[in-house]
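Please work through the exercises below with the sequence and the model open beside you. Each task is followed by a solution that goes step by step.

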Amino acid sequence: MYSLDILKKTIKYPTSLIVGGIDSVGIELAKALLEQGGFVIMIDNVDDSFLEVISELTEFDLFCYFDYSFLLRFEDYLRRLDYVFYLSHNINNLDSEISSQDFLEFSKFLDQVLNLAVKYN
């Protein structure tokens, strides 16, 4: 995991936040943005499978990743935010029910991402 201080580098580069990017779309998007000289921040559930999938991205100096729990602390460190890609949209079973607690947690997180995006409009 990275120190939040790395986010201070965002002042110099076009900065993208990819939320829920642990799939082929997120990885390819991150690579394309990095190859164009952008700074990429990826937020997802960080575990061993996540680290394995993003291993090729960690070679880039302008790439960092954080667990969802770090989002609330971004505001104090982030200097620039140009693009937000919200890829947390996977629904595995349309017939399954979502609990009220899960829905509220998801809504709270989405609200945090949108507030961060508005701040850097």
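**Exercise 1.** Determine which residues are linked with K31 in a network of salt bridges, and describe the contact between K31 and E28.

*Solution.* The network of salt bridges links E28, K31 and E56, where a salt bridge is a side-chain nitrogen of Lys or Arg within 4 Å of a carboxyl oxygen of Asp or Glu. Within it, K31 bridges to E28, and their closest N and O atoms lie 3.1 Å apart. The two residues are three positions apart in helix 1, so about one helical turn separates K31 from E28; helices here are DSSP runs of H or I with at least four residues, strands are runs of E with at least two, and both are numbered from the N terminus. K31 counts as buried at 17% relative accessibility, whereas E28, at 47%, counts as partly exposed; buried means under 20% relative accessible area, exposed over 50%, and partly exposed in between, with a 1.4 Å probe and protein chains only.

This is a predicted model, in which local features need pLDDT of at least 70 and side-chain atom pairs count only at pLDDT 80 or more, while totals for chains, interfaces and linings use all residues. Residues are numbered from 1 along each chain as its sequence is written, and side-chain values use heavy atoms, with hydrogens and water left out.

**Exercise 2.** Identify the residues that touch the most other members of the largest nonpolar core, and the element that gives it the largest share.

*Solution.* A nonpolar core is a set of buried Ala, Val, Leu, Ile, Met, Phe, Trp, Tyr and Cys residues joined through side-chain atoms within 4.5 Å. The largest one has 33 residues, of which L7, I41, M42, F66 and F74 touch the most other members. Two or more residues come from each of strand 1 (15–19), helix 1, strand 2, strand 3 (63–67) and helix 3 (100–119), and strand 2 provides the largest share, five residues.

**Exercise 3.** Locate Q36 and decide whether this residue is buried or exposed.

*Solution.* Q36 lies in the loop between helix 1 (24–35) and strand 2 (39–44). With a relative accessible area of 67%, Q36 is exposed.
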